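Here are my notes on the model, point by point. Please read them with the coordinates open.

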Amino acid sequence: MSWKRQYVKLCDVADFGDPQLCAAVGEIEGRPAPRALSERKQWERGMLALALAERGSLHDEAAVLAIGAGTEPVLFWLANRVGMVTATDIYGEGKFAAVEAAESMLRNPAAFSPVDYRKDRLVVRHMDARCLEFPTGSFDAVYSLSSIEHFGSPQDIAGAAAEMGRVLKPGGIAVVVTECLVHLDPLDRAPVEFALPLGTLGRRRRTATLRRRVALGEAFTPREMESLIVRPSGLQLAQRLDVSLSPQSWDNLTTVHPSGRLEAATGRLDPHVLLKIHRSVFTSACLVLHKLPAPAPGPA
Ligand SMILES: C[S@@+](CC[C@H](N)C(=O)[O-])C[C@H]1O[C@@H](n2cnc3c(N)ncnc32)[C@H](O)[C@@H]1O
């Protein structure tokens, strides 16, 4: 299938004025379309909405699964456009329990919605992404925004990707948005981090192992996205990953300090897309994948 736009790409400030993205984000947030996006989250949701629309997944028979969904507003937007949305997350547990994964989402999702929505089209379930409690081939579309990087070890992430591919119907579409390293400095690579505690009498980065980065453990290189998400999912990338970035994306390179404080190069946080931790830089990447349709039955 040919697509009207490049979806499999990095978040880029050059996209932020795109009228279709702005219109989608306005609808999702229940307000007039902004003239330009102001943050990565909007880009992530807008890209999802446009990919699902272009693929023809927004119709009254469609079953859509959201994984690591938290209380994201796109759930409610979808409930007005598809047959059924199932939101899953480990609500009330883990480090996001007091923020994105509030336990009350299970009982009162309407409290989180920025729009009126069809209440009978949204189901919210407590479920671990690594073990989805659905039969194989249950959903027309599956997606996960800014979550898969938080699912645990590389094995956990690959297992969750396999689950995502399993529950998708043949011919279905999956959209995964995650953190992608645009530049991984040699000094931030896992073996170097592993060696650092030895050289610093164990004072720094104690949990580094030979395989796992600590500071940047929740961001993937393009190669890791391929080996931990695309390949284990058993799905096909809809397009090649475009890792190019416009020069203007670099204008507001934003440093994440060890305290979590953000320091933007321009002094203004919005819009920023590129984040720097230590010497390495990352941003969001959107992956659109599809499951090959089931082969037509041969002659009897
Ligand atoms: C950064 S939040 C993103 C939430 C939401 N997708 C959004 O964009 O606002 C990451 C989410 O992943 C969820 N999560 C972490 N580990 C999980 C797991 N094993 N299974 C399901 N969800 C998980 C967290 O509870 C949290 O809601």
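1. His 278 sits in the loop between E10 and E11. Its phi is positive, about 55 degrees, although His 278 is not a glycine. His 278 counts as partly exposed because it has 16 C-beta neighbours inside 10 Å. The burial classes are: buried, 20 or more other C-beta atoms within 10 Å of the residue's own; exposed, 12 or fewer; partly exposed, in between; C-beta atoms are placed from the backbone. Helices (H or I, at least four residues) and strands (E, at least two) are DSSP runs, numbered from the N terminus.

2. On provenance: this is a predicted model, in which local features need pLDDT of at least 70 and side-chain atom pairs count only at pLDDT 80 or more, while totals for chains, interfaces and linings use all residues. Residue numbers start from 1 along each chain as its sequence is written.

3. Ser 146 also deserves a look. Its phi is near 55 degrees, positive in a residue other than glycine. Ser 146 lies in the loop between strand E5 (139–145) and H4. With 20 C-beta neighbours inside 10 Å, Ser 146 counts as buried.

4. Check the peptide bond from Asp 270 to Pro 271. That bond is cis, with omega near -10 degrees. Pro 271 is in the loop between strand E9 (262–264) and strand E10 (275–277). Most residues other than glycine have a negative phi, and most peptide bonds are trans.

5. Helix H6 (residues 222–233) has twelve residues. From first C-alpha to last it reaches 15 Å, close to the 16 Å expected at 1.5 Å a residue (the expected span is 1.5 Å times one less than the number of residues). Its buried residues are Met 225, Leu 228, Ile 229, Pro 232 and Ser 233. Seen down the axis of H6, they fall within an arc of 125 degrees, so they line one face of the helix. The arc is that of the directions from the helix axis to the C-beta atoms. Their cover includes helix H4 (154–167), strand E6 (168–183) and strand E11 (280–290). Just after H6, Gly 234 takes a positive phi of about 75 degrees.

6. Cys 22 is found in helix H1 (residues 19–29). Cys 22 is buried, with 20 other C-beta atoms within 10 Å. Leaving aside neighbours within four places in sequence, Cys 22 is in contact (C-beta atoms, placed from the backbone, within 7 Å) with Ala 33, Pro 34, Arg 35, Ala 36 and Leu 37. The C-alpha atoms of Cys 22 and Ala 36 are separated by 6.2 Å, at 14 residues apart along the chain.

Methods. Contact = placed C-beta atoms within 7 Å.
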